[in-house]
Amino acid sequence: MQIECPSGLVVEARKIKAQELEALAEANDSDEPPADGGLLTVINRCVQRVIDAGPYSFVEVGDALPDWKRVIYGDLATMFFKLRIVSVEDPYEFPVQCKHCRKWADFDVTLSELPINPLPESSKAKLRSNSPFEARTLDGKLVRFYLKTIRREEPIAKLVRAIERQTGKPSYSFLDSWAGQAEFIEPLGERSKNDKARWMWFRQLDLDEVDNLRDQFDAVDGGIDIELRFRCRRRGCGGVTNHMIPLDGDFFRRKRKPADLKPLHDGGRIIPLEEEALEKTEEVTKGETEESLDLE
Ligand SMILES: [Zn+2]
């Protein structure tokens, strides 16, 4: 099969084999799951050829595969999800906990319906010339950054792991990706070169500054959108929960048999907000009483 990535990179790939799926599922369920959920393993095994190098000067058309750690994360995640979709049946079922009333409900997501945002042309041009993007803080200070790659994230991930070992607390935050992406932060000046200084700068931002920078980082990026929004249908709650698609062992398994599908928590029913997903919810809630549907 051919996979076209948001940047325009096109690769030829095979499916993930049954035995590989089993191994990935076990690894992701183990006490020390791979930090990337198996993403690089899948891409290294399944991608066989580059058909179109897209905007990357270091990628060559042919059988020689590139250093995937330098390819933008939006491309890698898109390849990973597309390979999962053709290798295992849709949908993917996982439990979501309502952040407001703490109730759990199982939910099905049809992965092939997840939106894939193309990389803007202006961003492809930046990748071609390997030049950074520019964002501004709320008070107008410059932040220069590149798109997220594993290579850029590695030193920060190492730093966070060391902190986790010291404190015993898991500490990863999406802000850590930004610390990896950022090349220059005006308030830090020369200290921008220091990984820990950048990491600490992002970690101390106010929420409105996070929102401001997120808009600017997101606007220039592309890739598969794996953050879903769910609205709780439990009586008296209705709270909205943002939830990333979890990469646990079940991601690599066929959906469990219908007998296992009964919701364990009858009081709560969690559904996505988007229109497309709302249609799906009607299927999911089929069989429920009129009363519970009226709650929406
Ligand atoms: Zn709730």
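## The loop at P91

P91 lies in the loop between α3 (73-87) and β4 (92-97). Helices here are DSSP runs of H or I with at least four residues, strands are runs of E with at least two, and both are numbered from the N terminus. A cis peptide bond joins D90 and P91, with omega at about -10°. Most peptide bonds are trans, and most residues other than glycine have a negative phi.

This is a predicted model, in which local features need pLDDT of at least 70 and side-chain atom pairs count only at pLDDT 80 or more, while totals for chains, interfaces and linings use all residues. Residues are numbered from 1 along each chain as its sequence is written, and side-chain values use heavy atoms, with hydrogens and water left out.

R102 is not a glycine, yet its phi is positive, at about 70°. R102 sits in the loop between β4 and β5 (104-109).

N130 is not a glycine either, and has a positive phi of about 50°. The loop that holds N130 runs between α4 and β7 (133-136). N130 is exposed, with a relative accessible area of 53%. Buried means under 20% relative accessible area, exposed means over 50%, and partly exposed is in between (1.4 Å probe, protein chains only).

## The second largest pocket

N130 also belongs to a pocket lining. The second largest pocket is lined by 17 residues, and F58, R70, L127, N130 and R152 lie nearest its centre. Two elements give two or more residues to this lining: α4 (121-129) and α5 (150-167). The largest share, three residues, comes from α4. Domain 1 (2-89) and domain 2 (121-223) both give residues to the lining of the second largest pocket, so the pocket lies between them. The domain bounds come from an automatic or database domain assignment.

The volume of the second largest pocket is about 310 Å³. By class, its lining has eight nonpolar, four polar and five charged residues. Nonpolar covers Ala, Val, Leu, Ile, Met, Phe, Trp, Tyr, Cys and Pro; charged covers Asp, Glu, Lys and Arg; the others, Gly among them, are polar. A pocket is found on a 1 Å grid over the protein atoms alone, as an open set of points where a 1.4 Å probe fits, with protein on both sides within 12 Å along at least five of seven lines; lining residues have an atom within 4 Å of a point. Grid points are joined across faces, edges and corners, and the volume is the space filled by probe spheres set on the points.

## Aromatic pairs and charges over rings

The structure holds 15 aromatic pairs. F80 and F81 form one that is edge-to-face, at 5.8 Å centre to centre and 90° between the planes. Rings of Phe, Tyr and Trp (its six-membered ring) pair if their centres lie within 6.5 Å; planes over 60 degrees apart count as edge-to-face, under 30 as stacked, and the rest as tilted. F80 is buried, with a relative accessible area of 1%. F81 is buried too, at 2%.

Ring pairs also link F133, F145, F174, W178, W201, F202 and F217 into a cluster. The charged end of K126 sits over the ring of F133, 5.8 Å from its centre. R84 lies over the face of F251, at 5.2 Å from the ring centre. A charge sits over a ring if NZ of Lys or CZ of Arg is within 6 Å of the ring centre and within 35 degrees of the ring normal.

Q216 is in helix α8 (residues 207-219). It is partly exposed, at 22% relative accessibility. Q216 and E134 are 82 residues apart in sequence, but 8.4 Å apart in space, C-alpha to C-alpha.

K69 is in the loop between β3 (47-52) and α3. K69 is partly exposed, at 26%. From K69 to E153 is 84 residues in sequence and 9.3 Å in space, C-alpha to C-alpha. C46 lies in helix α2 (residues 39-46) and is buried, at 1%. C46 and K17 are 29 residues apart in sequence and 8.9 Å apart in space, C-alpha to C-alpha.
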